[in-house]
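This report goes through one structure part by part. Please keep the sequence and the 3D view at hand while reading.

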Amino acid sequence: MDKCLCAQNIYKSYKDNCVLSGLNLTLEPGKIYGLLGRNGAGKTTLLGVLTAQNRLDSGSVTYGGEPVWENRRALDDICFSRELSGANLSGQNTFKISFYLKAASMFYKHWDGEYAEKLLEEFHLDPDKQICKLSKGQMSMVTIVLGLASRAPLTIFDEPVSGLDVVMRERFYRLLLDDYAETGRTFVVSTHIIEEAAGAFEEVIFLDGGRIIEKAPTEELISQFAYISGLEREVQKAAAGLQVLNRSSIGARTVYAVRGVKPGFRPDADVDVTPMNLQKVFVTMCGHGEEM
Amino acid sequence: MKALCKYMCFTYLKYYVGSLFALGAAAALLNLLFPAGFFQSYFEGFSIYSLVMALIATTLLTGSWFNVALSMGARRRDYFIAMQLSIIVGVAASMVLIYAMQFISEHAFSKYGYDFMFNPGMAPHTVIAVFAAQLVGCLCTVAGMWKKWLSVAVCVVYMMLAVTVLLVQMTALEGIFWFSLPWILSGVELLFAAGAEFIVLRYMNRAVVR
């Protein structure tokens, strides 16, 4: 339970497209991490590489000091619950939910069958239903069942809430937090629906340009960012000494997105200071000026 | 490894051996119910059907079943070894059933003169054919990921070769063909199998979950 997953200087390309470029990451045990990145940022590739489901071009991934690749001891402790699809290598994914559950019971060393049954009931899933006949949300529910019931010390979810309605998304995060409170195992959740998940993430990881551009405790990170708005001259004065990440104008007012704000920040200027939420922080850092 | 052996029983062996037994039972039952010979070919050609089924059943071994196992943390080399073991079990099950069908043919249908496509004296050829068929089935999926037509081509070429082997071995002891011909053809099948094994192993070692 107290093993770290470490990725050191990892590179991964698909033909000429470099997806991961000298990436370093350490996942400490007993935390819930949120992995955030834009479409095509390489989140799934990174998670695949961390769990030996995808090959590295160079670099190393270790778990408890041992390489993850083809290592039984490491793989026994890791569950990467991937997004399911209605199509597989053989055409339509005609496997039933029960097939996945049975396979999971064979491969996941810490598998909790009773918990899986309970989750199936909670999500109203029929185990005899084929994957290709499920809705996108129901497929997500299956991946949630597999991930949670795996009871793996390191459990990774790739887009677990995609296709889920807001009620089910809330239920997922409640289940995740309940499980975390009970077992203290490590979770990594990649998602695009940031704001709803922000409260569950102890730390967030921003992936951009093939590298980790930020890894920090969620609250600590958010507290460093703010919008300063007002007349241009006043805003400039207030932002002195802060890192200005973005500038925009709304009529006569200028808005700066800044980083480096200290708790209780009150500038000596006629400006409004608005705190950011995690989604805004993400957009500011990874939006490349496209949006503020 | 234990988990993978269980997984193979739950997936490949269940489907392959199960469908073989179902086919055998259906062929025997149909011939008992309609002894006039209407379903004679189902019975006589059982060894060819088992080849076809071996080819079909194994396509998932390097396809979806492999993908699911890998996504749940199975090791590539363990999967490859478990796959080899299950292929051996599959060959054994095929042979047991072919012998059983031949026995039934001789005893239940001898008066109709069924010409069962299996020559016990040349059983090694059938073993090689079924063994190679399973590996070629695995190869077809791998080839299909690269080029679809290649998958079909491999399948067709192998089936033509294997059926020729089975037909030749039936009559080999009667001296119609040059006696070494079945062995030469089986040698070609083994080369096919070795090539398939090499390509499948290479694919598995580099496989990525999709």
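## Where the two chains meet

Chain B gives 29 residues to the contact and chain A gives 24, where contact means heavy atoms within 4.5 Å. The model is a predicted one, in which local features need pLDDT of at least 70, side-chain atom pairs count only at pLDDT 80 or more, and totals for chains, interfaces and linings use all residues. Residues are numbered from 1 along each chain as its sequence is written, chains are lettered from A and ligands numbered from 1 in the order in which they are written, and side-chain values use heavy atoms, with hydrogens and water left out.

Together, chain B and chain A bury about 2,400 Å², of which 65% is on carbon and sulfur atoms. Buried area is the accessible area (1.4 Å probe) that two parts lose on being put together, summed over both. On the side of chain B, the residues that lose the most area to chain A are B:Phe10, B:Met72 and B:Arg76, together 28% of what that side buries.

## Polar links and make-up of the interface

The interface of chain B and chain A holds one salt bridge, that is, a side-chain nitrogen of Lys or Arg within 4 Å of a carboxyl oxygen of Asp or Glu. A salt bridge joins the side chains of B:Arg76 and A:Glu70 at 3.5 Å, N to O.

On the side of chain B that touches chain A, two or more residues come from each of α1 (2-33), α4 (64-71), α5 (76-108) and α8 (181-206) of chain B. Helices (H or I, at least four residues) and strands (E, at least two) are DSSP runs, numbered from the N terminus. The largest share of that side, seven residues, is from α4(B).

## Aromatic rings

Over all chains there are 16 aromatic pairs. Rings of Phe, Tyr and Trp (its six-membered ring) pair if their centres lie within 6.5 Å; planes under 30 degrees apart count as stacked, over 60 as edge-to-face and the rest as tilted. The rings of B:Tyr15 and B:Trp65 are stacked because their centres are 5.8 Å apart and their planes are at 25°. This pair links distant parts of the chain, with B:Tyr15 in helix α1 and B:Trp65 in helix α4 of chain B, 50 residues apart.

B:Tyr15 is partly exposed at a relative accessible area of 48%, whereas B:Trp65 is buried at 2%. Buried means under 20% relative accessible area, exposed over 50%, and partly exposed in between (1.4 Å probe, protein chains only). One aromatic cluster consists of A:Phe95, A:Phe99, A:Tyr100, A:Phe107, B:Tyr7 and B:Phe10.

## Two buried residues of chain A

A:Asp158 lies in strand β9 (residues 154-158) of chain A and is buried, at 4% relative accessibility. Its side chain makes a polar contact with the side chain of A:Thr44 at 2.8 Å. Leaving aside neighbours within four places in sequence, A:Asp158 also has contacts that include A:Leu47, A:Phe80 and A:Ser190.

A:Ser140 is in helix α5 (residues 136-150) of chain A and is buried, with 4% relative accessibility. The side chain of A:Ser140 reaches the backbone oxygen of A:Ser162 at 2.5 Å.

Methods:
Polar contact = N/O pair within 3.5 Å; in protein donor to acceptor, adjacent residues only side chain to side chain.
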